[in-house]
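Dear colleague,

Please find below the sequence and structure that I am handing over to you. My findings follow directly after it.

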Amino acid sequence: MNTRENLLDLLTEGLEREGYNVCMSEELPWVVGRCGFPIAVVSEPKLVAGGAPEATAISYDVVVKMLMQREKSVDKCAPMLAIIEHDALVVAEAVAQSDGVVSLTVRELAPIAGGVTHAGDVAMEVALRVEMFRNV
């Protein structure tokens with residue numbers, strides 16, 4: 001397994017442990033209709049450092065959109081955003097503690113205005129920078 005796959009597996013495991021249905025963006029309409037909320041949409045990791053063959057560690061930026069079904073009006077979403085924020089930090093901590101992970105930084109954790117889907121959701125975007133030992 002390469003480093004990119006390992007990172008995606010770690011994120012997926014952590015998100016699923018917190019009860020999220022995990023998908024890529026192109027799968028989102030299907031997941032909303034078939035699996036329901038909460039949903040985590042994981043982006044493809046972007047290589048930001050350590051691409052040289054001799055590098056022992058490699059860094060990726062990855063964005064996860066975490067969505068919950070909105071139950072109240074938009075101005076009453078603070079409790080749901082607090083739950084998503086908590087879940088995001090729990091997942092980030094679990095990934096950071098995983099074997100092979102050198103460091104993890106939560107670069108941004110911000111609400112997504114208006115949600116992401118047609119189904120009426122409350123959403124936050126978490127941007128992570130993850131440095132991992134290179135799997136060769």
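How much accessible surface does the protein chain have, and what percentage of it belongs to carbon and sulfur atoms? In this predicted model, the accessible surface comes to about 7,400 Å², and carbon and sulfur atoms account for 52% of that area.

Let me turn to the overall architecture. The protein chain contains 3 helices and 6 strands. Read from the N terminus, these elements follow the order α-β-α-β-β-β-α-β-β. The radius of gyration is 15 Å, close to the 14 Å that the globule rule gives for 136 residues, so the chain is as compact as a globular protein of that length. The C-alpha trace spans about 50 × 25 × 25 Å along its principal axes.

Two further values describe how the chain is packed. Of the 136 residues, 39% are buried. Among contacts with a separation of 6 or more, 60% are between residues 24 or more positions apart.

As for charge, the protein chain carries 11 positive and 20 negative side chains. The centres of these two sets lie 6 Å apart.

Asp61 belongs to strand 4, which covers residues 57-69. Is Asp61 buried or exposed? Its relative accessibility is 18%, and the limit for a buried residue is under 20%, so Asp61 counts as buried. The side chain of Asp61 makes a polar contact with the side chain of Arg129, at 2.6 Å. Leaving aside residues up to four places away in sequence, Asp61 touches Glu44, Pro45, Lys46, Val48, Arg107, Leu128 and Arg129.

Thr117 is located in the loop between strand 5 and strand 6. With a relative accessible area of 14%, Thr117 is buried. Its side chain reaches the backbone nitrogen of Ala119 at 3.2 Å. Which residues does Thr117 touch, not counting those up to four places away in sequence? They are Leu28, Val32, Phe37 and Leu67.

His118 lies in the loop between strand 5 (101-111) and strand 6 (121-133). Whereas Thr117 is buried, His118 has a relative accessibility of 73% and therefore counts as exposed. His118 and Asn2 are 116 residues apart in sequence, and their C-alpha atoms are 35 Å apart in space.

With kind regards,
A colleague

Technical notes. Residues are numbered from 1 along each chain as its sequence is written. This is a predicted model: local features need pLDDT of at least 70, side-chain atom pairs count only at pLDDT 80 or more; totals for chains, interfaces and linings use all residues. Side-chain values use heavy atoms; hydrogens and water are left out. Helices (H or I, at least four residues) and strands (E, at least two) are DSSP runs, numbered from the N terminus. The radius of gyration is taken over C-alpha atoms; the globule rule is 2.2 Å times the number of residues to the power 0.38. Buried means under 20% relative accessible area, exposed over 50%, partly exposed in between (1.4 Å probe, protein chains only). Contact means heavy atoms within 4.5 Å. Accessible areas come from the Shrake-Rupley method with a 1.4 Å probe; for residues, only the protein chains shown count as cover. Lys and Arg count as positive and Asp and Glu as negative; His and the chain ends are not counted. The place of a charge is taken as NZ of Lys, CZ of Arg, CG of Asp or CD of Glu. A polar contact is a pair of N or O atoms within 3.5 Å; within protein, one must be able to donate a hydrogen and the other to accept it, and residues adjacent in sequence count only if both atoms are side-chain atoms.
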